Amino acid sequence: MTGKMAIVGDGDSIMVFKAAGVETFPATEEKKAREILRKIASEYKIIFLTEELAAPLGDFLKRFDEEPYPVVLVIPSNRGGAGYGEEFLKSAMERALGVDILFNNEK
Amino acid sequence: MARLNVNPTRMELKKLKARLATAVRGHKLLKDKSDEMIRRFTVIIRQNKRLRDEVEEELAEILRQFSVARSVTPAYSAEAAFSMPTVAVTAECGMTSVMGVDVPEVKVVAEERAGGLPYAFSEITSEADYSVGRISALLPKLAELAQIEKTVRLLADEIERNKRRVNALEYIMIPQLQETIKYIRDKLDENERASIVRLMKVKNK
């Protein structure tokens with residue numbers, strides 16, 4: 001089974017992905033991103049999403065957690081990451097294990 | 001602990017004993033499953049963290065490089081140069097199972113570039129070439145990260161659900177059954193004593 005890859009984000013961050021062959025869907029605000037995601041969720045298997053858009057869409061993105069596909073990956077945009085990755089790891093760890101096994105030795 | 005609402009008969013006792021045996025066995029199995037899932041989860045989440053750090057670092061650098069390239073190129077020509085990609089990446093999507101949880105397995109398949117970059121070298125600065133090349137090289141890693149993060153999500157959900165099941169068995173189901181069995185046994189014994197006493201009384205008359 002082959003699937004297509006797509007990226008949703010603001011224009012500047014995603015242009016370079018376009019050149020690399022990933023299909024791009026520009027969106028600058030939450031509502032637009034939600035609309036696009038809803039539309040492309042069944043067609044694309046891997047969807048990249050920039051952090052700025054992912055933050056307000058938290059609940060909406062949870063619905064993708066039920067099934068293996070599509071895989072939605074949140075990536076930092078050209079304005080840099082806002083710690084989403086760390087946040088995500090922490091919450092997953094808390095839910096599954098109840099303890100922090102990754103970040104406690106760094107403090 | 002509340003006991004189940006059943007008639008204190010031998011029939012019920014037999015049924016409940018069977019249920020208790022099943023519950024205990026199920027509890028043991030689920031507990032083992034939970035332990036193993038947690039072990040796998042810790043491995044995967046460590047991997048996730050490492051990969052995430054790598055990818056974020058690399059991506060930030062690429063995007064920085066790319067925005068330099070953008071800033072020295074007029075917007076319209078950049079737009080034109082990048083809007084016609086010569087490659088199309090697809091992903092080979094499979095499924096594997098981690099402890100009975102279906103998780104995605106992704107492999108990026110990049111079709112060869114027909115004639116290199118999607119634009120002429122004279123149009124765009126060399127920074128753009130580098131960043132496009134690097135992002136292409138990064139795509140498999142991004143896909144891998146996507147796969148691992150999804151696995152972490154799915155596994156975390158499953159662990160949570162499983163934990164709830166184990167707890168329900170351990171703290172509700174099993175004590176309830178044990179208590180009910182004890183109640184029925186007491187009741188049956190009581191009945192037996194009562195009938196013996198009755199027989200003795202009858203005999204004495």
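Which pattern does chain A follow when it is read along the sequence? I read it as β-α-β-α-β-α-α-β-α, taking helices (H or I, at least four residues) and strands (E, at least two) as DSSP runs numbered from the N terminus.

Before going further I noted that this is a predicted model, in which local features need pLDDT of at least 70, side-chain atom pairs count only at pLDDT 80 or more, and totals for chains, interfaces and linings use all residues. Residues are numbered from 1 along each chain as its sequence is written, while chains are lettered from A and ligands numbered from 1 in the order in which they are written.

**Chain A**

I looked up the elements of chain A and found five helices and four strands. Of its 107 residues, 44% count as buried, where buried means that 20 or more other C-beta atoms, placed from the backbone, lie within 10 Å of the residue's own. I then turned to contacts, that is, pairs of residues whose C-beta atoms, placed from the backbone, lie within 7 Å; among those in chain A between residues at least 6 apart in sequence, 56% join residues at least 24 apart.

I followed strand β1 (residues 2-9) of chain A to its partner strand β2 (residues 23-26) of chain A, and the two pair in the parallel sense over four bridges, pairing being called when DSSP finds at least two bridges between two strands. Between them the chain passes through helix α1 (residues 11-19) of chain A, and this β-α-β crossover is right-handed, meaning that, with the strands pointing away from the viewer, the path from the first strand over the helix to the second runs clockwise. As one position in this pairing I marked A6(A), which stands opposite E23(A) in β2(A).

**Chain B**

For chain B the pattern along the sequence is α-α-β-β-α, with three helices and two strands in total. Of the 205 residues here, 24% count as buried, and residues 24 or more positions apart account for 85% of the contacts with a separation of 6 or more.

**Where the chains meet**

How many residues of chain B are in contact with chain A? I found 55 residues of chain B in contact with 37 residues of chain A. On the chain B side, α1 (10-71), β1 (89-98), β2 (101-110) and α3 (126-204) each give two or more residues, and the largest share, 20 residues, comes from α3(B).

Lastly I checked the strands across the two chains: β1(A) and β1(B) run antiparallel and are joined by three bridges, and G3(A) stands opposite A91(B) in β1(B).

Conventions. Buried ≥ 20, exposed ≤ 12 C-beta atoms within 10 Å, placed from the backbone. Contact = placed C-beta atoms within 7 Å.
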